[in-house]
Amino acid sequence: MTVKVNFCVKNLAKGTEKVKEELEKDPDIEVSEYGCTSFCGICRQYHVAIVNGRPVIADTPNELIEAVYDYIDNELFDES
């Protein structure tokens, strides 16, 4: 199963670029960036990745990497 992770370009500029670069190394994750992901309210306040259509948020880029993998392991694969 390929996991799709999307990022807002404005959120990337806040420091989330590090997360994008890390996730791009994972062959099971398809990473994209958009001008807007329509999660502006949380995007202004947190580091955000949209994982298969659902926002995953964290206070720091390092926490976001962990949160994305936790979401993939604990939520996505539990739904299958």
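**Sheet, core and selected residues of the predicted model**

Apart from neighbours within four places in sequence, Val 5 is in contact with Leu 23, Ile 29, Glu 30, Val 31, Ser 32, Ala 49, Ile 50 and Val 51. The structure described here is a predicted model. Within it, Val 5 is also among the residues with the most contacts inside the largest nonpolar core, together with Phe 7, Leu 23, Val 51 and Val 68. That core comprises 19 residues. Two or more of its residues are contributed by each of S1, H1, S2, S3, S4 and helix H3 (61-79). Helix H3 supplies the largest share, with 7 residues.

The sheet is an open one, built from 4 strands in the order S2-S1-S3-S4 with mixed pairing. Its edges are formed by strand S2 (29-34) and strand S4 (54-58); each has a single partner strand, and therefore one side of each lacks a neighbour in the sheet. On average, and with direction ignored, neighbouring strands are turned by 30 degrees against each other.

Strand S1 pairs with both S2 and S3. Between S1 and S2, which run parallel, there are 6 bridges; one of the pairs places Val 5 with its bridge partner Val 31 in S2. Strand S1 (residues 3-8) and strand S3 (residues 47-51) run antiparallel and are joined by 2 bridges. Here Asn 6 stands opposite Ile 50 of S3. Helix H1 (residues 9-24) packs on this sheet, where it touches S1, S2 and S3, and its direction makes about 155 degrees with that of S1.

Two residues of helix H1 were examined individually. Thr 16 belongs to this helix and has a relative accessible area of 0%, so it is classed as buried, the limit being under 20%. Its side chain forms a polar contact of 2.7 Å with the side chain of Asn 11. When neighbours within four places in sequence are left aside, the contacts of Thr 16 are Phe 7, Asn 11, His 47, Val 48 and Leu 64. Lys 20 likewise lies in helix H1. With a relative accessibility of 10%, Lys 20 falls under the 20% limit and therefore counts as buried. A polar contact of 3.1 Å links the side chain of Lys 20 to the side chain of Glu 33. Residues up to four places away in sequence not being counted, Lys 20 touches Phe 7, Leu 12, Val 31 and Glu 33.

Positive phi values were found at two loop positions. Ser 38, although not a glycine, has a positive phi of about 70 degrees. This residue is placed in the loop between S2 and helix H2 (40-45). The relative accessibility of Ser 38 is 63%, which is over 50%, so the residue counts as exposed. Asn 52, also a residue other than glycine, has a positive phi near 45 degrees and is located in the loop between S3 and S4. Its relative accessible area of 32% lies between the limits of 20% and 50%, and Asn 52 is therefore partly exposed.

Methods:
Residues numbered from 1 in each chain as written. Predicted model: local features only at pLDDT ≥ 70, side-chain atom pairs only at ≥ 80, totals over all residues. Heavy atoms only, no water. Pairing = 2+ DSSP bridges. Axes fitted to C-alpha atoms, helices over the stretch in contact; angles between N-to-C directions. Contact = heavy atoms within 4.5 Å. Buried < 20%, exposed > 50% of the residue type's maximum accessible area, 1.4 Å probe, protein only. Polar contact = N/O pair within 3.5 Å; in protein donor to acceptor, adjacent residues only side chain to side chain. Core = buried A, V, L, I, M, F, W, Y, C linked by side-chain atoms within 4.5 Å.
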